[in-house]
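Hello,

Here is the structure for your files. Please open it first, then read the notes below it.

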Amino acid sequence: MMRHLRLTTVLLVLAFAALTLMSPNPAQAASAAEINREANQALQNLYKKSSAAKALGEKAKAILVFPSITKGGFMVGGQYGEGSLMKEGKTIGYYNMVSVSYGLQAGVQKYGYVLFFMTDAATEYLNRSDGWELGTGPSIVIVDEGAAAGISTTTARSDVYAFFFDQKGLMGGLGLQGTKITKIEK
């Protein structure tokens with residue numbers, strides 16, 4: 001019983017520390033100009049590496065780009081990133097992505113993430129929801145390098161396609177995770 005109490009206390013302290021370290025600090029938050037510059041650069045780099053991403057980008061109704069997401073944790077983890085929603089090459093809004101996880105995990109990682117919204121309904125859902133929790137709302141297809149080879153604008157049938165890129169660091173494990181994307185003001 002005492003061992004269970006100590007383990008619970010340690011996990012609560014780690015959760016508090018992870019959330020404190022991962023929560024956005026307004027003094028360090030990126031400006032709109034920085035987010036735009038980084039998002040445009042990340043999207044162009046993705047297009048150079050993936051013809052499927054470029055083809056989807058040409059047909060997408062909107063594109064949400066998170067150029068840099070930081071993820072870290074030990075047992076309890078979190079991740080955070082800021083990005084921009086683009087329509088016809090222009091930024092129409094800013095979003096953050098926050099995630100908390102619990103389970104067998106350890107490490108630190110940085111990566112980029114792009115969501116291609118292929119329908120007006122998917123884009124409208126993002127804009128009208130009070131934070132979009134992944135796993136609810138429009139269906140998402142996560143595209144890895146192997147799947148990207150088989151995607152074209154004629155075979156694309158989902159509402160939203162997700163591409164991960166520029167993964168750096170080491171993070172491994174199994175666990176439960178909840179992710180929420182929320183509109184922010186810049």
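Start with Ile 63. Leaving aside neighbours within four places in sequence, Ile 63 is in contact (heavy atoms within 4.5 Å) with Leu 43, Tyr 47, Gly 57, Ser 84, Leu 85, Met 86, Val 114, Leu 115 and Phe 116.

Some ground rules. This is a predicted model, where local features need pLDDT of at least 70 and side-chain atom pairs count only at pLDDT 80 or more, while totals for chains, interfaces and linings use all residues. Residues are numbered from 1 along each chain as its sequence is written, and side-chain values use heavy atoms, with hydrogens and water left out.

Overall layout

The chain has five helices and five strands. These are DSSP runs numbered from the N terminus: helices are H or I with at least four residues, strands are E with at least two. From the N terminus, the order is α-α-α-β-β-α-β-β-α-β. Of the 186 residues, 41% are buried. Buried means under 20% relative accessible area, exposed means over 50%, and partly exposed lies in between (1.4 Å probe, protein chains only). Take the contacts between residues at least 6 apart in sequence: 71% of them join residues at least 24 apart.

The cores

A nonpolar core is a set of buried Ala, Val, Leu, Ile, Met, Phe, Trp, Tyr and Cys residues joined through side-chain atoms within 4.5 Å. The largest one has 18 residues. Leu 43, Leu 46, Ile 63, Val 65, Val 114, Phe 116 and Phe 163 touch the most other members. H2, H3, strand S1 (62-87), strand S2 (90-117) and S5 each supply at least two residues of this core. H2 gives the most, with five residues. A second, separate core has 16 residues, among them Ile 69, Leu 85, Tyr 113 and Leu 126.

Phe 163 sits in strand S5 (residues 160-184). Its relative accessibility is 3%, so Phe 163 counts as buried. Ser 50 is 113 residues away from Phe 163 in sequence, yet their C-alpha atoms are 9.6 Å apart in space.

Helix packing

How do H2 and H3 pack, in angle and axis distance? Helix H2 (residues 32-49) meets helix H3 (residues 51-59) at an angle of about 125 degrees, with the axes 5 Å apart. Axes are lines fitted to C-alpha atoms, for helices over the stretch in contact, and angles run from 0 to 180 degrees between N-to-C directions. H2 and H3 are therefore oblique to each other. On this scale, under 35 degrees is roughly parallel, over 145 roughly antiparallel, 65 to 115 roughly perpendicular, and the rest oblique. H2 contributes Leu 46, Tyr 47 and Lys 49 to the contact, and H3 contributes Ser 51, Ala 53, Lys 54 and Gly 57. These residues divide into three nonpolar, two polar and two charged. Here Ala, Val, Leu, Ile, Met, Phe, Trp, Tyr, Cys and Pro count as nonpolar, Asp, Glu, Lys and Arg as charged, and the others, Gly among them, as polar.

Salt bridge

The count comes to one salt bridge, by the rule of a side-chain nitrogen of Lys or Arg within 4 Å of a carboxyl oxygen of Asp or Glu. The side chains of Asp 166 and Lys 49 form it, at 3.0 Å, N to O. Asp 166 is in strand S5 and Lys 49 in helix H2, so the pair ties together parts 117 residues apart in sequence. Asp 166 is partly exposed at 32% relative accessibility. Lys 49 is exposed at 64%.

Ser 84 is in strand S1. Buried or exposed? Ser 84 counts as buried, at 0% relative accessibility. Asn 36 lies in helix H2 and is partly exposed at 21%. With the same exclusion, Asn 36 touches Ser 84, Thr 91 and Tyr 94.

Backbone points to check

Most residues other than glycine have a negative phi. Two exceptions follow. Met 75, in strand S1, has a positive phi near 70 degrees. Glu 88, in the loop between S1 and S2, has a positive phi near 55 degrees. Met 75 counts as partly exposed at 22% relative accessibility, whereas Glu 88 counts as exposed at 77%.

Best regards
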